[in-house]
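Please examine the sequence and the structure before reading the solutions.

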Amino acid sequence: MLDTRLTEEQASLRKTVEEFAREVVAPVSYQHDRDRTFPYEVVRGMADMGLFGLPFPEQYGGMGGDYFALCLVLEELGRVDQSVAITLEAGVSLGAMPVFRFGTEEQKQQWLPQLCSGRALGAFGLTEPGAGSDAGGTRTTAALEDGAWRINGNKAFITNSGTDLTRLVTVTAVTGQTSSGKKEISSILVPVPTPGFTAEPAYDKVGWHASDTHPLSFQDVRVPEENLLGQRGRGYANFLHILDEGRIAIAALSTGAAQGCVDESVKYAKEREAFGRPIGQNQAIAFKIARMEARAHAARTAYYDAAAKMLAGLPFKKEASIAKLVAGEAAMDNARDATQVHGGYGFMNEYAVSRHYRDSKILEVGEGTTEVQLMLIARELGL
Amino acid sequence: MNIVVLVKQVPDTWAERKLDATDKTLDRASVDVVMNEIDEYAVEEALRIQADQGGEVTIVSMAPDRGVETIRKALSMGADKAVHLSDPALHGSDAVQTSYALAKVLGTLEYDLVIAGSEATDSRMAIMTPLLAERLGQPQLSGARKVTVDGGTVRIERQTDNGYDVVEASTPAIVSVVEKINEPRYPSFKGIMAAKKKPLTTLTLADAGIEADRVGLASAPSQVVEFSNKPPRQAGQIVKDEGDGGVKVAEYLASQKLV
């Protein structure tokens, strides 16, 4: 029998982050969103709480928690501010996790303590202008010359890659040809700064304005041969593994977004009066919010289940895709309904629901589009 | 430097606070509860003094069973151990009785400093530290916005309307703090995990040597006789500005004897 009750410690962590989100994050969310500024003071606060090291062992400066604890945190942050949540998510599962999973002991010792402390941020450069889920399209190259990799190419949409705290970008690059004639793709650690590496000006995005996202360019960037992360030729396969886990984390963040829309709508529907009574007393509004709550709940159940299977060492690929699919759609659907509940105010940027409306679209796209999730689920069904 | 921090569990500041209709005591059951906000500053200050001077930080709280949640929060922030005075017979105790019970608990502990928040968000009496100082015969330094400890002397900056006073006392002493004093930390995950393993002693009245007839609602020196809800706000008076808005506003204020 599946038990979805939280332990005392999990409940306490959830509550602590809920308070942090309400007291520290929420008051500055609108301003950072409007000004498109990176919330350094919030990141500092998360670092002080040890959130960047949450799922890593203490020997590397981590907190000794697990991936589910990270998910609980992401849900609470996502309720209030998706930009802040994705900054943490990317820092942990894309910045530090690849080093932890595939790094040599030396690489772990070098990078994990600073990444876990949150004083340094890592980024992962996979996506390219012409290649996202299609690895074969990778055009960035890394040639081994005199004991060093010479990297050339471009990456696109890379989170946390251009902040003052960014110290590491892990890139996937073509390092040769396989015996069957396909591209051999490997991962390489690039310290920041390194000559030839440039984070180009930040993107002008629809949402996630306070999250740091840049196109990256590599022009004859040279790093030592030892900076190869994991086995040569396993770069993409390794990354797919990271991506499976990452989907659960994004599902948790999305669940938070869906729940944040419910929170705001309940509050507003009780306060706002029209025709002499709170609008929440109209079934047109109440039912809409009830359905939003149902979506958020279903999304939460889905990610709890996927995380439980992953932590139990069971296959979880399908469950992770389902959670990502359901939660991403719940966030977008709830954001649309929440702005409707808010009427004209829902179209004003200072209202949290309007931010969720702009922010949530990416949840149906990032870390595998809805269509990619459907493809993966169908594949698990033997189709 | 051993420090005791007094911590109170109160209804969530954001929740609607109510009195129980049957016995006119605070309704703690139907609302979310949290640590009294200023007490977080008291815990933080104790932890900072400890980081500088060593010693142990002990949390003391008088609360129903549910108070454990609040005590654990203080432990997860970094306090070393806790004493929880919990007994159904304490229900309805007023400030005077509470100070008697807490003084008894403090009597079982060795400390150099007691730190508490200057007031609680539920009762708003701001009287617990003076009551305790009186009962224990120890000096009290109230309203601290800064605390420094040097050997057996504790010195505070006491917040005043126009600035601050510097006041000092010899230890053991009782200090109350205001929000200006610091910025309380959020517990880390490691702190949360560690909190459950820290020593937590639960005391009943008998354990603490508290006489049952000196606490509780029946013998409380002060009791709530009657209460009513705040009257709903009246609609305001709207002055239309036809070039003389300022004059009309001034006339209104004068008629209310506000200017």
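The model is predicted, so local features need pLDDT of at least 70 and side-chain atom pairs count only at pLDDT 80 or more, while totals for chains, interfaces and linings use all residues. Side-chain values use heavy atoms, without hydrogens and water, residues are numbered from 1 along each chain as its sequence is written, and chains are lettered from A and ligands numbered from 1 in the order in which they are written.

**Exercise 1.** State how many salt bridges a search of the whole structure finds.

Solution. A salt bridge is a side-chain nitrogen of Lys or Arg within 4 Å of a carboxyl oxygen of Asp or Glu. The search finds 37 of them over all chains.

**Exercise 2.** Determine which parts of chain A are tied together by E18(A) and R79(A).

Solution. First, the two side chains form a salt bridge with an N to O distance of 3.6 Å. Next, E18(A) belongs to helix 1 (residues 8-35) and R79(A) to helix 3 (residues 67-80), so the pair ties together parts 61 residues apart in sequence; helices are DSSP runs of H or I, at least four residues, and strands runs of E, at least two, numbered from the N terminus.

**Exercise 3.** Locate D220(A) and R150(A) in chain A.

Solution. First, their side chains meet in a salt bridge of 2.9 Å, N to O. Next, D220(A) is in strand 7 (residues 213-224) and R150(A) in strand 3 (residues 148-159), 70 residues apart. Finally, D220(A) is partly exposed at 42% relative accessibility (buried is under 20%, exposed over 50%, partly exposed in between, with a 1.4 Å probe and protein chains only).
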